[in-house]
Amino acid sequence: MIAEQISVFAENKPGKLAAVTRVLAQEGINIRATTIATSDTFGVINLIVDKPRQALEALGRAGMLVKTRKVLAVLIPDRPGGLDRLAQTLSKAGINVNNAYGFVLENGQKAVFVVDVDQLEKAEQLVEAEGFTTVGPEILR
């Protein structure tokens, strides 16, 4: 299953993250994971949310430059080696990971690792064939 990542492009200055979180809070949208990457003057706030379409529309109405990108959200065991198995699977197939981040769903049980890869459909088929489960918004609620 393919998930959607919301990316907000903003100036790197105080209050930009707060503006994003305010819009999402007012819309009743739950942030499940986020990363922020900045350069000197600009940054990208990547978000996995429970209602990506609604988030995209609300942030756009607020005047923010926002895009969506299809990514894989893969369930992995929350234990040593859980991520390694996924990384090795992708590497052996020649799939490049462009961006990634993760979060724990159940301590000591399961985590989600979000990967933006260069061959999305191939990666999805591969990880599912290897016994991984990919998830979308339904598990992220």
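Reader: What does accessible surface rest on here, and what does the chain come to?

Author: Accessible areas come from the Shrake-Rupley method with a 1.4 Å probe. By that method the accessible surface of the chain comes to about 7,600 Å², and 49% of this belongs to carbon and sulfur atoms. This is a predicted model.

Reader: How do you know how far the predictor trusts this model?

Author: pLDDT is the predictor's confidence in each residue, from 0 to 100. The chain averages 92, and 96% of the residues score at least 70. Confidence is lowest in helix 5 (residues 137-140), where the mean is 62, and highest in helix 1 (residues 16-26), at 97.

Reader: What makes up the secondary structure of the chain?

Author: There are 5 helices and 7 strands. Read from the N terminus on, the order is β-α-β-β-α-β-α-β-β-α-β-α.

Reader: How many of the contacts join residues at least 24 apart?

Author: Taking contacts between residues at least 6 apart in sequence, 70% join residues at least 24 apart.

Reader: What share of the residues counts as buried?

Author: Buried means under 20% relative accessible area, and 38% of the 141 residues count as such.

Reader: Why is Leu17 called partly exposed?

Author: The class lies between the buried cut-off, under 20%, and the exposed one, over 50%. Leu17 has 40% relative accessibility, so Leu17 counts as partly exposed. This residue lies in helix 1 and touches Ile36 and Ile45, leaving aside residues up to four places away in sequence.

Reader: Why does Ala18 fall in the class of partly exposed residues?

Author: Ala18, also placed in helix 1, has 45% relative accessibility and therefore counts as partly exposed. Ala18 and Gly136 are 118 residues apart along the chain, and their C-alpha atoms are separated by 26 Å.

Reader: What makes Ala87 partly exposed?

Author: Its relative accessibility is 39%, so Ala87 counts as partly exposed. Ala87 lies in helix 3 (residues 82-92). The C-alpha atoms of Ala87 and Val49 are separated by 24 Å, the two residues being 38 apart along the chain.

Reader: How many positive and negative side chains are there, and where do their centres lie?

Author: The chain has 16 positive and 16 negative side chains. The centres of the two sets lie 4 Å apart.

Terms used:
Residues are numbered from 1 along each chain as its sequence is written. This is a predicted model: local features need pLDDT of at least 70, side-chain atom pairs count only at pLDDT 80 or more; totals for chains, interfaces and linings use all residues. Side-chain values use heavy atoms; hydrogens and water are left out. Helices (H or I, at least four residues) and strands (E, at least two) are DSSP runs, numbered from the N terminus. Buried means under 20% relative accessible area, exposed over 50%, partly exposed in between (1.4 Å probe, protein chains only). Contact means heavy atoms within 4.5 Å. Lys and Arg count as positive and Asp and Glu as negative; His and the chain ends are not counted. The place of a charge is taken as NZ of Lys, CZ of Arg, CG of Asp or CD of Glu.
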